[in-house]
Amino acid sequence: MKLAILSRNTKLYSTRRLVEASRDRGHSVRVLDPLRCYMRIASDGFQMHYKGREIAGYHAVIPRIGASVTRYGSAVLRQFELMDSYSPNTSDAILRARDKLRSHQLLAAQGIGLPATVFGDNPDDTADLLSMLGPPPHVIKLNEGTQGAGVMLTEKLSASKGVIEALRGLYANFLVQEFVAEAKGADLRCFVVGGKVVAAMKRQAPKGDFRSNLHRGGTAKGVRASAAEQDVAVRAAQVLGLGVAGVDLIRSARGPLVLEVNASPGLEGIEEASGVDVAVEIVDYVAGRVREKPARRLAARR
Ligand SMILES: Nc1ncnc2c1ncn2[C@@H]1O[C@H](COP(=O)(O)OP(=O)(O)O)[C@@H](O)[C@H]1O
Ligand SMILES: [Mg+2]
């Protein structure tokens, strides 16, 4: 297949691994910087250019779109979709996943376990809002934060109120959650490809922190997720419409709870911890879907 990887930097570990895996499997692959893709949108047909040249005919794209370029990157991806390229994660699914509030609403509506979560707009409602959640400790999160930055723990009600006031002053969107203390700073990253957990790792926060993100100094170790955990992870990815997803679960006294579904999960930590060739899993899944595509289109026409 003719494959494009949408990524800002060919040197990033995940991008490099996807290129390697594609070449190993005999596909033609090119890395395209989404910010250098530009397009003409007209009812008589689309046109996309890249650094002065027309690009077309990609059977599939694998998006690796960072949080800082979500808007432009998803517009470029949508254009590829309209030009008939297959993507394991569609632009709509990526936008759903990037918005923590929206994804929590969708997951909860399907009965998927989450830490109890509240959000609200007006300062006059803060006291009642927090009473809907229950007593502290609370975890306060920026709605579009990543890598653990923007996730705060408040141990007292006065601290929750103070942080909320400060965030409102900055016009930041946030949500407030119950703190799952029994997780003891650990979470479980399940890497889902095509409706299967292909690898999992347990991440442990460094001493003195409750956030287990590797970017915050967390450590990782390969583990096997339980059947219940695999089931929740697969369902969460499916609810958001993601073919490739990093589903973060926290092990609570009432079972696995979803913290976050990452639409562009990094490969370095998970490949290292689990020993699984996750890049090949992704490329093979995409190639399989591309092979099925003509059949799917015929079936739709019938
Ligand atoms: N409600 C919670 N209770 C306990 N720990 C939490 C809770 N929410 C998040 N954490 C910890 O903080 C980390 C970062 O939170 P997460 O929601 O995944 O934000 P980010 O998008 O920044 O990674 C999690 O991996 C987990 O270790
Ligand atoms: Mg996270």
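The model is predicted, so local features need pLDDT of at least 70 and side-chain atom pairs count only at pLDDT 80 or more, while totals for chains, interfaces and linings use all residues. Residues are numbered from 1 along each chain as its sequence is written, chains are lettered from A and ligands numbered from 1 in the order written, and side-chain values use heavy atoms, with hydrogens and water left out.

**Ligand 1**

Let's start with the ligand. It has 21 residues around it, and Lys100, Lys141, Gly148, Asp187 and Glu260 are the closest; a residue belongs to this shell if one of its heavy atoms lies within 4 Å.

| Residue | Atom on the protein side | Distance to an oxygen atom of ligand 1 |
|---|---|---|
| Lys141 | side-chain N or O | 2.7 Å |
| Gly148 | polar backbone atom | 2.6 Å |
| Glu260 | polar side-chain atom | 2.6 Å |

On its own, ligand 1 would expose 550 Å², and the protein buries 99% of that (Shrake-Rupley areas, 1.4 Å probe).

Where does the shell come from? At least two residues each come from strand 8 (138–142), strand 10 (174–178) and strand 15 (255–262); strands are DSSP E runs of at least two residues and helices H or I runs of at least four, numbered from the N terminus. Domain 2 (99–111 + 182–282) and domain 3 (117–179) each give the shell at least three residues, with domain bounds taken from an automatic or database assignment. By class, the shell has eight nonpolar, seven polar and six charged residues. Here Ala, Val, Leu, Ile, Met, Phe, Trp, Tyr, Cys and Pro count as nonpolar, Asp, Glu, Lys and Arg as charged, and the others, Gly among them, as polar.

**A cavity and a pocket**

On a 1 Å grid over the protein atoms alone, a cavity is where a 1.4 Å probe fits but can't get out, a pocket is an open set with protein on both sides within 12 Å along at least five of seven lines, and lining residues have an atom within 4 Å of a point. Volumes are the space filled by probe spheres set on the points, which are joined across faces, edges and corners.

There is one cavity of 30 Å³ or more, and the largest cavity has a volume of about 60 Å³. Its lining includes Leu18, Arg64, Val244 and Ile282. Both domain 1 (2–96) and domain 2 contribute to that lining, so the cavity lies between them.

The second largest pocket has a volume of about 230 Å³. Among its lining residues are Phe119, Asp121, Arg168 and Tyr171, and the lining comprises six nonpolar, three polar and two charged residues.

Pro136 and Pro137 are joined by a cis peptide bond, with omega about 5 degrees. Pro137 sits in the loop between helix 5 (126–133) and strand 8. Gln147, in the loop between strand 8 and strand 9 (151–154), has a positive phi near 60 degrees despite not being glycine.

Methods
Polar contact = N/O pair within 3.5 Å; in protein donor to acceptor, adjacent residues only side chain to side chain.
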